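Subject: Structure handover

Hello,

Here is the structure I said I would pass on. My notes on it follow below.

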Amino acid sequence: MSMDKFHTLTQLLDNAGCQYKIYDLGRRVSEIDIDQFKAVEENRQPYPWPLQQHAHLSISFWQQGNPPWIWFLRLPLDERGLLKQAAVGDFIKYVIEAMGATLNSAPTEEEQEKLAANPYTFKPNDDKMAIFHALLRHQLSLPASQYYEHAQHYLTGDTGWEQWQGVGLQGLADVCARIKQENNSTLLRKALMNLPMPPLYALLGCLEHCTLPENLSQRIAERLENETDQPEPDLFLISALIRALSGSDSILLSQQLKQLLAVQKLCHPEVLVAIAGRCWNGLADTDLASQFLLRLAETEDQALFNQLFADLVMQPILRGIMLQVLHGQADPALVEAITKLQQHARGQV
């Protein structure tokens, strides 16, 4: 079968009779609706969650009775956020050469290496891998990892909060992916105020990719407010807590962002990067977006301002708002940062 027949990955997968799931792995690990992805592939809409002008995604596919294959892909986007078709065509060619158009011949070791070494694959970091595998296994009704029960038991506090060294990141990710099951939400809520820093950071890193129940969101917000009230707040902890709130109710997230952005000393670059990277949905409000860009300008790090602005303006949900803020500013620090941003952009053309 001619490889010219296939212009999109979903055409190839549908033709081979595969079932498949698609996740974004660039920002928050979250599933992309297949119809939405087909619209993206056909350039009918921009990629929903671009990162550094690329789509970072995973495609898990399987045929009846077979375990899933997983591709981790980093595909380039144009300045409008649309997929570059030539890159997709290139990757399809690699796949057909290695696996055939029916996707049911197991590639030889050499073909596997060739497929893995193509320029479009990438390896997500360990945190994202752990939560991605946990979410995917849960969604496919597969059992959790062997670390799940131990993590659950640790989170009861019965073995002592200091006994965290044997708790696997994968186990914590499994608890977070199964947040609505068993007693997991309650376990997490109680543990949040007691965990030592290493497991707390690991747990918050998993939660930032999950949709949170209201009572757990409230507990994270309490922990965040408690930290921001300290005489010497831990800005790295604040950054981890606000990232963890990205899956909370939009009203709670907006409220927490407003409180953080109101206090200049809390707006360390680490905190601003966390907001842009995980809580961008919370900036879909002109006042909050404007306040965020002002705090970013006040860091006097023009390279960071240019980088985060360029990233945020690529988000379809924020594009109009960011451009509106860009053209309607009166604050001197922000006006200066925007002027330098525009000069930088003209210099690159």
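How many nonpolar, polar and charged residues are there in the lining of the second largest pocket? The lining divides by class into seven nonpolar, six polar and four charged residues. Please keep in mind that this is a predicted model.

Second largest pocket

The volume of this pocket is about 350 Å³. Its lining is made up of 17 residues, and Leu135, Ala177, His209, Cys210 and Thr211 are those nearest its centre. At least two lining residues come from each of strand E2 (30-31), H5 and helix H7 (169-177). H5 gives the largest share, with three residues. Domain 1 (9-117) and domain 2 (126-209) both contribute to the lining of the second largest pocket, so this pocket lies between them.

Domains

The domain assignment divides the protein chain into domain 1 (9-117), domain 2 (126-209) and domain 3 (211-348). Between the C-alpha centres of domain 1 and domain 2 the distance is 29 Å. Contacts between these two domains involve 14 residues of domain 1 and 11 residues of domain 2.

Largest pocket

The largest pocket has a volume of about 780 Å³. It is lined by 31 residues, of which Arg27, Leu51, Gln52, Gly277 and Asp311 are the closest to its centre. Two or more lining residues come from each of helix H5 (126-139), helix H9 (197-207), helix H11 (235-244), helix H13 (269-278) and helix H15 (302-313). By class, the lining of the largest pocket has 12 nonpolar, nine polar and 10 charged residues.

The loop between H2 and E3

Trp49 is located in the loop between helix H2 (34-41) and strand E3 (54-62). Leaving out residues up to four places away in sequence, Trp49 touches Asp24, Arg27, Ser30, Glu31, Ile32, Trp280 and Gln315. From Trp49 to Gly81 the C-alpha to C-alpha distance is 9.1 Å, and the two residues are 32 residues apart in sequence.

Gln53 is found in the loop between H2 and E3 as well. Its phi is positive, about 55°, although Gln53 is not a glycine. Most residues other than glycine have a negative phi. Gln53 counts as partly exposed because its relative accessibility is 36%, between the limits of 20% for buried and 50% for exposed.

Helix H6 and what follows it

Which residues of helix H6 (residues 148-155) are buried? They are Tyr148, Ala151, Gln152, Tyr154 and Leu155. These residues are on the same side of H6, because the arc they cover around the axis is only 165°. The buried residues of H6 pack against H7, helix H8 (184-191) and H9. After H6 comes Gly157, which has a positive phi near 85°.

The loops on either side of H8

Glu182 lies in the loop between H7 and H8. Its phi is near 45°, which is a positive value in a residue other than glycine. Glu182 counts as exposed because its relative accessibility is 58%, and the cut-off for exposed is over 50%.

Asn194 belongs to the loop between H8 and H9. Is Asn194 partly exposed or buried? With a relative accessible area of 38%, Asn194 is partly exposed. Asn194 and Gly100 are 53 Å apart in space, C-alpha to C-alpha, and 94 residues apart in sequence.

Ser290

Ser290 is in helix H14 (residues 286-298). Its relative accessible area is 18%, so Ser290 is buried, the cut-off for that being under 20%. Apart from neighbours within four places in sequence, the residues in contact with Ser290 are Val325, Gln329 and Leu334.

Regards

Technical notes: Residues numbered from 1 in each chain as written. Predicted model: local features only at pLDDT ≥ 70, side-chain atom pairs only at ≥ 80, totals over all residues. Heavy atoms only, no water. 1 Å grid on protein atoms, 1.4 Å probe; cavity = no way out; pocket = protein on both sides within 12 Å on 5 of 7 lines; lining within 4 Å. Points joined across faces, edges and corners; volume = space filled by probe spheres on them. Helix = DSSP H or I, 4+ residues; strand = E, 2+ residues; numbered from the N terminus. Nonpolar A, V, L, I, M, F, W, Y, C, P; charged D, E, K, R; others polar. Domains from an automatic or database assignment. Buried < 20%, exposed > 50% of the residue type's maximum accessible area, 1.4 Å probe, protein only. Contact = heavy atoms within 4.5 Å. Arc of directions from axis to C-beta.
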